[in-house]
Every structure is written in structure tokens, then in C-alpha cells.
Amino acid sequence: MAALKPVESQSGSSSGLTRWQLALAIGGPILLGAGAVYLWRKRTVSKRSERKAPEGSSSPVPKEDSGRGENEADGLSLLDRAQAAKNKGNKYFKAGKFEQAIQCYTEAISLCPVNQKQDLSTFYQNRAAAFEQLQKWNEVAEDCTKAVELNPKYIKALYRRAKAYDKLDNKKECLEDVTAVCILEGFQNQQSMLLADRVLKQLGKEKAKEKYKNREPLMPSPQFIKSYFNSFTDDIISQPLLKGETPDEDKDKEGEAADIRGTERSGYLKAKQYMEEENYDKIISECTKEIESKGKYVAEALLLRATFYLLIGNATAAQPDLDMVVSMKDANVKLRANALIKRGSMYMQQQQSQLSTQDFNMAADIDPQNADVYHHRGQLKILLDNVEEAVEDFDECIRLRPDSALAQAQKCFALYRQAYTGSNPLQIQVAVKGFEDVIKNFPKCAEGYALYAQALTDQQHFSKADEMYDKCIELEPDNATTYVHKGLLQLQWKQDLDKGLELISKAIEIDNKCDFAYETMGTIEVQRGNLAKAIDMFSKAINLAKSEMEMAHLYSLCDAAYAQTEVAKKYGLKPPTL
């Protein structure tokens with residue numbers, strides 16, 4: 001997609017095409033939206049029944065003195081009387097008489113000897129279950145807290161308290177409790193995983209919304225910017241300066257400089273020169289000069305400024321410029337179509353798929369011979385899981401530009417993903433043959449090798465996948481994301497943690513603004529149990545996020561890692577590590 005980062009660039013840090021690859025690091029499946037933090041789990045998540053009913057015993061804790069030494073008039077000890085009150089409460093609970101059940105559980109709590117921690121924790125948990133049925137969430141949380149104090153690994157009490165905290169909008173406490181539950185259950189209960197996932201997403205969205213609107217604009221790396229513009233073939237603003245378009249102010253002003261504002265003093269032409277020099281920080285200001293002076297290239301300057309606003313993650317500033325270009329009926333149709341592509345991609349990043357589709361369709365209507373429209377709309381269709389329509393768009397792009405290696409490679413990738421998710425071995429073979437044709441016909445297209453390598457990794461053809469990544473690095477030695485993917489391959493293929501981390505560190509050395517590298521490093525550190533370092537890596541990725549949606553995802557990962565640190569401190573619980 002064009003708005004923030006091109007899907008075809010392998011960046012992987014925000015596009016829907018590459019999220020699934022992260023699971024391949026260790027060979028386990030991704031679990032829901034927050035699953036990257038829990039990639040160590042390799043077994044299938046199972047469903048369990050809802051935890052509603054009260055119980056007769058809790059998770060085991062060390063047995064104390066039985067409490068049966070009292071001389072009761074009826075011959076029953078205090079503990080026996082407490083158990084009888086609890087059993088009576090259970091009958092009321094099952095009959096839906098929750099107030100009476102609470103009275104019985106309260107009696108059981110008051111009778112139970114304080115040294116009978118297991119039984120006492122059960123009574124508190126049962127009373128919490130009754131309070132839950134009455135939606136008295138503060139009381140639920142209080143009783144579960146008492147139960148957990150008596151038995152720190154009491155799953156039912158922790159989970160019930162997590163639900164109460166969720167209702168009370170105490171997301172941080174809810175996350176810590178449900179994280180403890182997930183670890184105790186070995187990540188085998190879908191209810192717990194779903195609650196953790198939902199709370200992580202909510203926390204991520206809340207934090208990202210606040211952080212993103214106050215973030216400092218950050219220019220991506222030159223490699224990323226070049227990759228972005230390379231995803232377009234009909235983009236006027238990314239074309240080199242033509243002869244006679246030089247913005248040199250030292251020319252003889254009485255000679256060729258008849259229109260000073262329109263030529264040598266054009267802010268837009270200066271911005272174009274800065275693009276060629278990779279002096280990207282000056283582009284927005286020069287475009288602004290062109291726009292404010294109402295120069296010859298206002299439409300071009302608006303589009304170029306909007307593009308760099310998008311690149312630095314300022315969609316709010318970009319949209320008015322894009323809107324203006326789209327509304328310029330007299331502007332070059334290529335400019336208007338390009339503005340629609342970028343605005344449509346921006347909408348998709350904002351999860352406004354209907355507006356995105358409208359813009360791409362409008363671009364196809366006003367400029368039906370523009371290959372970029374079909375190329376980028378094809379990527380949109382993949383994100384929307386409309387693979388057949390995506391392939392049609394890639395085919396149209398290829399028809400208009402037979403030399404479009406990117407479209408050829410992405411068409412193969414779309415067909416492969418469709419065959420892979422549909423478990424169709426014959427179609428997988430067809431797609432693999434398509435990749436072979438792409439790298440044969442376009443041997444200089446690094447993207448072809450990279451996408452082929454991802455397909456080969458799926459098929460566990462690790463050695464050949466490694467060769468494809470090496471070829472990609474040979475063609476684009478400054479592409480940091482290729483090193484990340486190659487590092488992930490080492491983890492899955494050879495379980496070579498040192499080599500994998502070395503390659504990902506190399507990616508950061510090449511491009512210290514590669515958010516995908518920091519995110520991946522953080523995920524691996526979680527799996528190694530190095531939670532403090534993982535949080536540091538996720539925090540760096542958050543500061544580099546190019547969209548609010550991407551930032552929300554990264555906050556979810558960071559919050560999940562932080563919750564694990566708190567659970568380790570409180571309960572001594574840690575998931576298995578590499």
C-alpha cells in the first residue's frame with residue numbers, strides 16, 4: 001500500500017501480508033492479535049467450559065492443621081461447619097438464589113479456621129462467583145484478591161478477578177491477572193487467550209491514540225523512501241528533473257529566466273533536486289514555498305508535500321493536500337490518480353476499507369491506463385482477502401506494463417497464499433513454478449526473491465529459501481528487512497539463536513529506523529525470557545511506528561511483555577523460554 005509503507009517492500013511491520021511470517025520464527029502458530037509475545041507455545045489452543053459454578057476445592061496449597069480439635073456441642077469442628085455452610089451456599093447458587101448463597105459463603109468464611117488456607121480461599125472464590133452473578137464487580141475483585149492472597153496460583157480466582165477488573169475498566173490489572181492465568185494454563189484455554197488479546201488491543205489503541213497525535217515527525221531511512229517511490233511507475237513527482245528544470249538561482253536572470261517563480265526559483269523544483277540528493281528533510285518546506293507563492297507547480301507541490309507528510313506519519317496534514325489535488329479538475333490526470341492511490345492507501349491504514357475502495361475505484365475511472373492503480377489496488381484486495389480480485393488487478397497491471405516485475409512477483413505471492421491457506425498442493429506447485437519464472441525473467445527484482453523465499457520457508461525448503469535471501473541481499477545490500485527475514489529463517493531452520501540475532505542486529509546497524517527489526521528482536525527476547533530488553537526493543541519500535549494502527553500493535557506487544565514481568569514479580573510465574 002502506498003500511504004505509509006509499500007506492502008511490496010517486505011517491511012513487514014504493518015502490512016497484513018507479512019504479520020503471519022512472524023510465527024515462523026520458532027515454528028509455532030501466531031495466537032490472535034497479541035500472539036507474537038506468546039510464540040513459544042506450540043500446542044493447539046483448546047476450548048474449556050465457562051468458569052461459572054462454585055466449587056468444593058481450589059488449586060492445591062500446602063495443607064495446614066485440620067482444624068478439627070474444637071469441642072463443638074454438635075460434634076462438628078469449625079471446619080466441618082464451614083464446609084456445610086459452603087455446601088448449602090452451592091445449592092442456593094445452582095438454584096439461582098445468589099443473595100442466599102452469599103450469606104452461606106459468608107458464614108463459611110467466618111467459621112473457617114484462618115490456618116485452613118485452601119478451604120478459606122475456596123470460600124472467598126465461591127462468594128466472588130455469587131457476586132459476579134449480581135454484577136457487583138468491586139465485591140468480586142475484593143473476594144478474589146483475598147482468595148489469591150491465600151493461594152497465589154488459584155486459577156479460578158485470578159480469572160474471575162481479571163473479568164471483574166475488565167468490567168471496572170482496570171485494564172492493566174486485568175491484563176496482569178489474565179496473563180498469570182494463561183501461563184498457569186499453559187496457554188491452552190481459549191477464553192483466557194481471547195480476554196488477553198482483547199485487553200491488549202484496547203490498551204494498545206488507547207496508548208497509540210494519545211502517543212501518535214503528540215509524536216515528533218520522523219523521516220524514514222533513505223532506503224525505505226526509495227523503496228516507497230519504486231512502488232510507483234506513473235508517479236510524476238518521483239521522476240527525475242528534466243533538462244531545463246534546474247532550480248539554479250545563479251542563472252542570468254535576463255536570459256532564460258523569463259518566469260522566475262515558475263523555473264529557477266520554484267520551490268517545487270528545489271524539492272525535486274533535494275529528492276535526487278536524498279536531502280529529504282528540506283522537501284516539505286520547499287513545497288510549501290511553491291504553494292504559498294502560487295507558483296507554476298502548485299498541484300505537484302501539494303502532492304509531493306502530502307507524500308512526505310505520509311512518510312513521516314502525519315496523515316492529518318497529508319489529507320487536505322491530497323483532497324485538493326483530487327479536486328483539481330484541470331490538473332494532470334496522473335497527479336490526481338496518484339493522489340487517489342495515496343489517499344486510498346491512507347484510508348486502508350486507518351482501517352476505513354470502504355473509503356479506500358472508493359478512492360481506488362475512482363482512480364481507475366479517471367485514469368484506466370494507469371498501471372499503478374491496479375498494482376496498489378491489488379495489494380488492497382489481498383489485505384481484504386479478495387485474492388481472486390487481487391490477481392485480476394495484478395493481471396491488468398501486467399497487461400499495461402509487461403515489465404512490471406513487482407506486479408508479477410506479487411501476483412505469484414497472492415496465488416501462493418490462496419493455495420497455502422486452502423491446503424491445495426497442486427496450486428502451491430503452480431505458484432512455486434510462477435516464482436521460478438519471475439526470478440528467471442526478472443533476475444534483478446529483489447522482491448521476487450524475497451517473496452519466493454517466504455513461500456519456500458512455508459514449505460520448509462529452508463536451504464533454498466536461504467539462497468533466495470542471499471540473492472536479495474546481493475541485489476539490495478542496504479535492505480534491512482531482508483536481514484530480519486533471513487534471521488528468522490535461521491531460528492526456524494537451524495534453531496540458531498545466535499545467528500538469527502546477529503542478522504537482526506545487522507539490520508539495525510544498516511537502518512536504525514527499521515521498526516520491523518526492533519519488533520522482531522523484542523519478540524525473540526520475550527521468548528528468551530529477557531523481558532526488560534524486549535520492552536526496550538518494543539519501545540524503540542513504537543517511536544518509529546508510521547501509523548497509529550501499527551503503533552497500537554506495538555504497544556500491545558510491549559504491554560504483554562510488561563505484564564509478564566509483573567506476573568513474575570508477584571507470583572514467580574514465567575512461561576517456558578528458548
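## Helix pair α21 and α22

Ala480, Tyr483, Val484, Lys486, Gly487, Gln490 and Leu491 of α21 are in contact with Leu497, Lys499, Gly500, Leu503, Ile504, Lys506, Ala507 and Ile510 of α22. The model is a predicted one. Helix α21 covers residues 480-494 and helix α22 covers residues 497-510; their axes come within 8 Å and cross at roughly 175 degrees. Because angles over 145 degrees count as roughly antiparallel, α21 is roughly antiparallel to α22.

## Helix pair α4 and α5

A second pair is formed by helix α4, residues 137-150, and helix α5, residues 155-167. Their axes lie 9 Å apart, and the packing angle is about 150 degrees. This angle makes α4 roughly antiparallel to α5. On the α4 side, the contact is made by Trp137, Val140, Ala141, Cys144, Thr145, Ala147 and Val148. On the α5 side, Ala157, Leu158, Arg160, Arg161, Ala164, Tyr165 and Lys167 take part. The crossing of α4 and α5 is left-handed.

## The chain as a whole

The protein chain has 25 helices and zero strands. Of its 578 residues, 57% are buried. Among contacts in the chain with a separation of 6 or more, 62% are between residues 24 or more positions apart.

## Aromatic residues and charges over rings

The structure holds nine aromatic pairs. One of them joins Tyr228 and Phe229 in an edge-to-face arrangement, with 5.4 Å from centre to centre and 90 degrees between the planes. Tyr228 and Phe229 are both buried. These two residues belong to one aromatic cluster, together with Phe232, Tyr280 and Phe308.

Phe232, a member of that cluster, also has a lysine over its ring: the charged end of Lys342 sits 5.0 Å from the ring centre. Another lysine, Lys546, lies over the face of Phe224, at 4.8 Å from the ring centre.

## Loop residues with positive phi

Glu278 is not a glycine, yet its phi is positive, at about 60 degrees. The residue is found in the loop between α9 (267-276) and α10 (283-292). Its relative accessible area is 36%, so Glu278 counts as partly exposed.

Ser423 likewise has a positive phi, near 50 degrees, in a residue other than glycine. Ser423 lies in the loop between α17 (405-421) and α18 (425-441). With a relative accessibility of 60%, Ser423 is exposed.

## Gln459 and its contacts

Gln459 is found in the loop between α19 (446-458) and α20 (462-475). The relative accessible area of Gln459 is 26%, so the residue is partly exposed. Leaving aside residues up to four places away in sequence, Gln459 touches Tyr416, Tyr420 and Ile428. Tyr420 is 39 residues from Gln459 along the chain, and their C-alpha atoms are separated by 9.2 Å.

Note on methods. Residues numbered from 1 in each chain as written. Predicted model: local features only at pLDDT ≥ 70, side-chain atom pairs only at ≥ 80, totals over all residues. Heavy atoms only, no water. Phe/Tyr/Trp six-rings, centres within 6.5 Å; stacked < 30°, edge-to-face > 60°. Buried < 20%, exposed > 50% of the residue type's maximum accessible area, 1.4 Å probe, protein only. Lys NZ or Arg CZ within 6 Å of the ring centre and 35° of its normal. Axes fitted to C-alpha atoms, helices over the stretch in contact; angles between N-to-C directions. Helix = DSSP H or I, 4+ residues; strand = E, 2+ residues; numbered from the N terminus. Parallel < 35°, antiparallel > 145°, perpendicular 65-115°, else oblique. Left-handed = near helix turned anticlockwise from the far one by under 90°. Contact = heavy atoms within 4.5 Å.
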